[in-house]
Amino acid sequence: ENNESGNCFRSDLLLSGHHFLKTNLPDIPVAVLATSAHYLDGKVFITGGTLGNTDPCKMMQVYHIDDQKWTTISDIPQYLCKADIIQGHLTLIGGVDAVTRKVTGKLSTCVDDYFWEEIYPPMPTPRFWFGVALEDNLLITAGGLCAGAVSTVEVLNTESKQWYSLKSLQLPEP
């Protein structure tokens, strides 16, 4: 939709299947590209991605709906990661480890007030800039980058905490 000033906006917002407000969200304090956005417990979480100049975004931005304000969480365990809500908890997936600065396959779950714990085993193939989907208890990761392009598809059963690899994707040469 367009408002009278010509700016685009949405009168309602859907994140992770939740219809949660009828007003506009204010802009994200720090503009980012290729992020994950999720809604959980009255908050919108913006994670991962890069800044406009392709530097990695090493923070998480959180919008608190009741307080109508953004906060920034700079102490996150990984960046250039994806995220999803797994069994009711925000979980960062893969990316680059904030301490070692190496590509990682770890999954870091926010268990209490931004305290991160590795509840799930790491992905068999570390990666960043990859695709991720969650369906029921299956977390699917595909593609991405590590030392080069990653062609594997790996699936985590979040109940059994077991990873399964699907046959590598056969991608055409560019």
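Colleague: Okay, so within protein a polar contact is a pair of N or O atoms within 3.5 Å, where one must be able to donate a hydrogen and the other to accept it. Which residue's side chain does T91 pair up with that way?

Modeller: T109: their side chains are joined by a polar contact of 3.1 Å. Keep in mind that this is a predicted model.

Colleague: Where does T91 sit? And is T91 buried or exposed?

Modeller: T91 is in strand β9, residues 89–93. T91 has 0% relative accessibility, so it counts as buried, the cut-off being under 20%.

Colleague: What else does T91 touch, apart from residues up to four places away in sequence?

Modeller: Besides T109, there are K82, A83, D84, I86, L107, S108 and Y120.

Colleague: Switching to K106. Where is that one, and is K106 buried or exposed?

Modeller: K106 is in the loop between β10 (96–97) and β11 (107–112). K106 counts as buried because its relative accessibility is 11%, and the cut-off for that is under 20%.

Colleague: What does the side chain of K106 make a polar contact with?

Modeller: The side chain of D97, at 2.7 Å. Leaving aside neighbours within four places in sequence, K106 is also in contact with residues including P77, Q78, E118 and P122.

Colleague: New topic: the largest nonpolar core. Which residues touch the most other members?

Modeller: F45, M60, I76, L90, L92 and W116, out of 13 residues in that core. The elements giving two or more residues to this core are β5 (60–64), β8 (82–86) and β9.

Colleague: Take M60. Which residues is M60 in contact with, leaving aside neighbours within four places in sequence?

Modeller: Among them are F45, I76, L90 and W116, plus I46, T71 and Y114.

Colleague: Where are D113 and D136?

Modeller: D113 lies in the loop between β11 and β12 (115–117). D136 is in the loop between β13 (131–135) and β14 (138–142).

Colleague: Why does D113 count as exposed? And why does D136?

Modeller: D113 is exposed because its relative accessible area is 66%, and the cut-off is over 50%. D136 is exposed because its value is 68%.

Colleague: Last one: how do β15 and β16 pair?

Modeller: β15 (residues 153–157) and β16 (residues 162–166) pair in the antiparallel sense, over five bridges. V155 stands opposite Y164 in β16. The two strands form a hairpin with four residues between them, and K161 in the turn has a positive phi of about 60 degrees.

Technical notes. Residues numbered from 1 in each chain as written. Predicted model: local features only at pLDDT ≥ 70, side-chain atom pairs only at ≥ 80, totals over all residues. Heavy atoms only, no water. Pairing = 2+ DSSP bridges. Buried < 20%, exposed > 50% of the residue type's maximum accessible area, 1.4 Å probe, protein only. Contact = heavy atoms within 4.5 Å. Core = buried A, V, L, I, M, F, W, Y, C linked by side-chain atoms within 4.5 Å.
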